[in-house]
Every structure is written in C-alpha cells, then in structure tokens.
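Thanks for passing this one along.

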Amino acid sequence: MNEKDDVNGLFVRSRMPEELGFLLKQHPRDSWRKSPDLTAMGRFWLKRHNMFRDLGAALSGSLVQLREENFSPQAFSQWFAPRLNFLLSELEGHHHIEDAHYFPVFVSAEPRLKRGFDILDRDHHHIHDLLERNANAGWAFAEALAQGGDRMRFAADAYGGEADHLVSGLMRHLEDEEDLIIPLLIDRNENGQSLM
C-alpha cells in the first residue's frame, strides 16, 4: 500500500486511530509525570524520546545558525557530524530493540493494541528510509562544508529539506508510540502486572 493511500501512514495521520486510545483515556498524557505507576522503563522511554526530539530539532535548526554565519563552516562541521551520526545510529538501534523485543511483549500483554504496534512497525520501516536519505544528504553536506560557497549552500538546503522531513515524521511517530506504550505501562503496573 502506498503511504499516501494509508490513512494510518506516518505523514497522513494526525494521531493513532481512536479505538486504540482506550488506555490513553484512562491515563491521559498530562497525568503521566505525576503517576506513581509510571515505571522506570516508562520514564526512561520518555527521556529517550525527548533526547531524539531535542537532537532532531537541534540538527534541523542548526542550519539557520550556519546561514547567519554564527559558525564557521569548519566549526559547524565539527559540531554537526558527530550529532548527525549519533542521532542516526541511536534511532536505528532504538527501533530495532522495539521491533524485536518490546513490541511483541506489549502486544502479548494487550492484544487489542496489536494494530497500533503494526502501525508503529510500518513507521519504523518508513523512518529507516528517511534516515538513509538523511544520512546521504548529511554526509554530502558535511563534504560541501569544506568547499563553501554555492555548493555548501545547495547541500545545506538539500540536507535541510531531508532533516525537516525526518523530524516531522519522527515527531508524529514518537507521540503516537508514547500514547500506546506509556498508558499500557502505567495500567499494568497499577494492576500489579509488571511487563518487564
């Protein structure tokens, strides 16, 4: 199925399908941080997701700093390259562990959420493709930084488009994933059923 034909596609949906929100209604987002039943794993999950959000936004927004000449191309390259590499590798690893280990455990604990985890799994494949495109554009941009001029500006624009697209999809995915997982962790812990 084509992404744009899939009503639950990463860049089509504005949230998870309503019928998957039954635990979120019981444990709304604004109650999570204060919940005594938010497990250590849930807190860790939220921290990791916030790190991805912050780093994605920093990389995407860093181009403004370069264009405004707040960095020299060399200083920018030294700042940019390790952060790009870290984001790409950490996201790949995070998604692999979720797909191979966590999602099957969560589906086993609450089979009514299987459709949601299937959607998140499809997201991971789509995000993997976006990560590859982002990596290619990022490394081309890093190479062009040394040459400066128009080549650097064109490469910065190309990377900026890829980064913005990745960050947009990533923000949708992280929010939807949290809306399934965090209420599930709270609900099971509240009922004395630790998942991990």
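1. Which residues line the largest pocket? They are Arg15, Met16, Pro17, Glu18, Leu20, Gly21, Leu24, Lys25, Glu175, Asp179 and Leu180. The elements giving two or more residues to this lining are α1 (22–26) and α5 (149–190), and α5 has the largest share, with 3 residues. For the term itself: on a 1 Å grid over the protein atoms alone, a pocket is an open set of points where a 1.4 Å probe fits, with protein on both sides within 12 Å along at least five of seven lines, and lining residues have an atom within 4 Å of a point.

2. Before going on, a word on the source. This is a predicted model, where local features need pLDDT of at least 70 and side-chain atom pairs count only at pLDDT 80 or more, while totals for chains, interfaces and linings use all residues. Residues are numbered from 1 along each chain as its sequence is written, and side-chain values use heavy atoms, with hydrogens and water left out.

3. Back to the pocket: its volume is about 190 Å³, taken as the space filled by probe spheres set on grid points that are joined across faces, edges and corners. By class, the lining has 5 nonpolar, 1 polar and 5 charged residues. Here Ala, Val, Leu, Ile, Met, Phe, Trp, Tyr, Cys and Pro count as nonpolar, Asp, Glu, Lys and Arg as charged, and the others, Gly among them, as polar.

4. Now the overall picture. The protein has 5 helices and 0 strands, so the order from the N terminus reads α-α-α-α-α. Helices (H or I, at least four residues) and strands (E, at least two) are DSSP runs, numbered from the N terminus. The C-alpha trace spans about 60 × 40 × 25 Å along its principal axes. Of the 196 residues, 47% are buried, where buried means under 20% relative accessible area, exposed over 50%, and partly exposed in between (1.4 Å probe, protein chains only). Among contacts (heavy atoms within 4.5 Å) between residues at least 6 apart in sequence, 79% join residues at least 24 apart.

5. Salt bridges deserve a look, and a search of the whole structure finds 18 of them. The cut-off is a side-chain nitrogen of Lys or Arg within 4 Å of a carboxyl oxygen of Asp or Glu. One of them pairs aspartate 179 with arginine 29 at 2.8 Å, N to O. That pair links distant parts of the chain, with aspartate 179 in helix α5 and arginine 29 in the loop between α1 and α2, 150 residues apart. Aspartate 179 is buried at 14% relative accessible area, whereas arginine 29 is partly exposed at 34%. Aspartate 179 is also one of the pocket-lining residues.

6. Arginine 48 and glutamate 90 meet at 2.5 Å, N to O, a link from helix α2 to helix α3 between residues 42 apart. Arginine 48 is buried at 19%, and glutamate 90 is partly exposed at 24%. Then there is glutamate 178 with arginine 53, whose closest N and O atoms are 2.9 Å apart. This one ties helix α5 to helix α2 across 125 residues, and both partners are buried. Separately, salt bridges that share partners join Arg13, Asp123, Arg172, Glu175 and Asp176 into one network.

7. What about the aromatics? The search finds 13 aromatic pairs, meaning rings of Phe, Tyr and Trp (its six-membered ring) with centres within 6.5 Å; planes under 30 degrees apart count as stacked, over 60 as edge-to-face and the rest as tilted. Phenylalanine 76 and tryptophan 79 have ring centres 6.1 Å apart and planes at 35°, so they count as tilted. They sit 3 residues apart in helix α3, about one helical turn, and phenylalanine 76 is buried with 0% relative accessible area. Ring pairs also link Phe71, Phe76, Trp79, Phe80, Phe141 and Tyr159 into a cluster.

8. Most residues other than glycine have a negative phi. Glutamate 69 is in the loop between α2 (40–67) and α3 (73–109) and is exposed, at 70% relative accessible area.
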